[in-house]
2 protein chains.
Amino acid sequence: VSTEHERIARIHELLARPSQHVLLGIGDDCAALAPSALPQIATVDAAIEGVHFSRAFMREDEIGYRALMAAASDVAAMGGTARAALCALALPAALDEAAFEGLLRGLAEAADALGFPIIGGNLARASEISLTTTILGECPGRTIARQGARPGDALYVTGSVGGAALGLAALRADSSRPPRFAPAVARFLRPRARLELAAELARCASAAIDVSDGLAQDLAHLCRASGVSARLELARVPRLPEFEPLARELGLDGEQLLLSGGEDYELLFSARPEDVPSGFATQIGAIETGAGVRVLGPDGGLRTGSAGFDHFR
Amino acid sequence: VSTEHERIARIHELLARPSQHVLLGIGDDCAALAPSALPQIATVDAAIEGVHFSRAFMREDEIGYRALMAAASDVAAMGGTARAALCALALPAALDEAAFEGLLRGLAEAADALGFPIIGGNLARASEISLTTTILGECPGRTIARQGARPGDALYVTGSVGGAALGLAALRADSSRPPRFAPAVARFLRPRARLELAAELARCASAAIDVSDGLAQDLAHLCRASGVSARLELARVPRLPEFEPLARELGLDGEQLLLSGGEDYELLFSARPEDVPSGFATQIGAIETGAGVRVLGPDGGLRTGSAGFDHFR
């Protein structure tokens, strides 16, 4: 195992990238970015071994990749642009070089895919692996918050949901990654923060949140912040092909997985239908007066609430 | 133990502060700050149970306070102004309410003392407590990096060093905190990030770093970044009253403690002597050509190198 200094040198080699916006990158007390005339946004997200990931069925580069993507997703949900990341790594002393470099490669791959540099961070010893990622960004358009949904708005989600939770369940059941689960496993292991949709989101959405805790719970967050209720129509919720049979194969209820499966990192938002470009997102319900989330099944019947992930329940 | 949602509500109650610079604070996907015409700086620092702190001899509010101060110190070392913090908390599921709120009160106390708000963060479950703090700031004057020290500059440190390490050793030896160790214990438990010195630092320093890993090691970092060497004169290094006898009482070598004791969060910097205001800092040596750090004892004899803290050694 190499020293802290040698590890920091390796971090510099693997993560540093030239950027015209960066005045000072990895290696100083702080990183520095060029001034900007736009509102500055920032978010932090932790990926912790045994809670957010397991080395039993994930490679280290996949762990690093997901950690950065999950953090960047919060910037997309604000309608923002990501400018840079800071990565705080807490690592067991016994973690070997290959695992350490795998984490770094995954972080770098995600940042490269999203087009911004990692400009700093922290390295410390801990009993379990954790990656705590700060994303710095800005809002070139309107800043879209969770608050702002109004009765009469329609409710939308980008892409599809539930796939990451299905993929995680598949990995847990069989780490050999059978091909029929490949699309779901890819949704879990290779999520893509929806930064490419952020500018359009800023034009059309009245409120937004990313789907990280699960559709039902994240919708409840949005409703609470906006002081509204929502009607969610399960039949309309976009999902992967063969979603229900694959869920059944793992002994899971497809409906519950759609509602409570988190970590898809899609964008859930409210908007006036006339403001949403065709094909940008799928309408899955509506914003109404009152409080809470009403889930309607394919038969139109009311489903009882489905909770998402709670760290302390 | 309360749910994640209840804990987040409590975080909001204890940490949220009004601020004219904050467009969006705790509770959304990202926090947002008003635009600024200045270079933006950011840093992240982790405080991890069993590595950076122990609940055996520290209260939770002391743990929270130190975590934020340690992170803010990096902003001071750049000559910067802190604007806001993000606090990522990783907590064991069994952590009780009182301990949880103690951490929050300590974080809030430190931020209040430094005059900036905590505007966001993250809450997750983990097997050990860790607090990962991001500080967002800006540089109203020059941005002072580790790089920039030139042969002929003098070497300075603010305040005194070694006290935090002495205080930590005293706490470990006797958690009842005997009064004669109170000044040292306060240096460890109640450090103060030197943000009030940052503007003057930006006017006078050619390079700077905060003393977090230990005087010798942090000086080595500064020398390496600047491509210079340094001469450090031990007799000149400012320390607490009765430092040596108190160190001896704990079975420690005072000289080694001065050199390798970290977490004082004072500012170590190089400058031309004529640029440094009287009383601002203590001259403790000089910058020279070459590489490495030469430590001279009170007798003028050369001391062998003293390493600071290395997470992976």
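Predicted model: local features only at pLDDT ≥ 70, side-chain atom pairs only at ≥ 80, totals over all residues.
Four residues of H1(B) are buried: Glu4(B), Arg7(B), Ile11(B) and Leu15(B). They cover an arc of only 60 degrees around the axis, and therefore lie on the same side of H1(B). The cover over these buried residues includes three elements of chain B: strand S4 (81–91), helix H3 (97–114) and strand S5 (118–125).

Two packed helices are described by the angle between their axes and the distance between the axes. For H1(B) and H3(B), the angle is about 35 degrees and the axes are 10 Å apart. The crossing of H1(B) past H3(B) is right-handed. On the H1(B) side, the contact is made by Arg7(B), Arg10(B), Ile11(B), Leu14(B) and Leu15(B). On the H3(B) side, Glu97(B), Phe100(B), Glu101(B), Leu104(B) and Ala108(B) take part. By class, the residues of this contact comprise six nonpolar and four charged, with no polar ones. Arg7(B), Ile11(B) and Leu15(B) are among the buried residues of H1(B), and each also takes part in the contact with H3(B).

Loop residues were examined next. Most residues other than glycine have a negative phi. Glu242(B) has a phi near 65 degrees, a positive value in a residue other than glycine. Glu242(B) sits in the loop between strand S9 (229–233) and helix H8 (243–249) of chain B. Its relative accessibility is 55%, so Glu242(B) counts as exposed, the cut-off being over 50%.

In chain A, Glu242(A) is placed in the loop between strand S9 (229–233) and helix H8 (243–249). With a relative accessibility of 54%, Glu242(A) also counts as exposed. Glu242(A) and Leu195(A) are 47 residues apart along the chain. Their C-alpha atoms are separated by 27 Å.

Tyr265(B) is another residue other than glycine with a positive phi, near 60 degrees. Tyr265(B) is found in the loop between helix H9 (254–260) and strand S10 (267–271) of chain B. Its relative accessibility is 5%, and therefore Tyr265(B) counts as buried, under the 20% cut-off. Glu242(B) is exposed, whereas Tyr265(B) is buried.

Definitions and conventions:
Residues numbered from 1 in each chain as written. Chains lettered and ligands numbered in written order. Heavy atoms only, no water. Buried < 20%, exposed > 50% of the residue type's maximum accessible area, 1.4 Å probe, protein only. Helix = DSSP H or I, 4+ residues; strand = E, 2+ residues; numbered from the N terminus. Arc of directions from axis to C-beta. Contact = heavy atoms within 4.5 Å. Axes fitted to C-alpha atoms, helices over the stretch in contact; angles between N-to-C directions. Left-handed = near helix turned anticlockwise from the far one by under 90°. Nonpolar A, V, L, I, M, F, W, Y, C, P; charged D, E, K, R; others polar.
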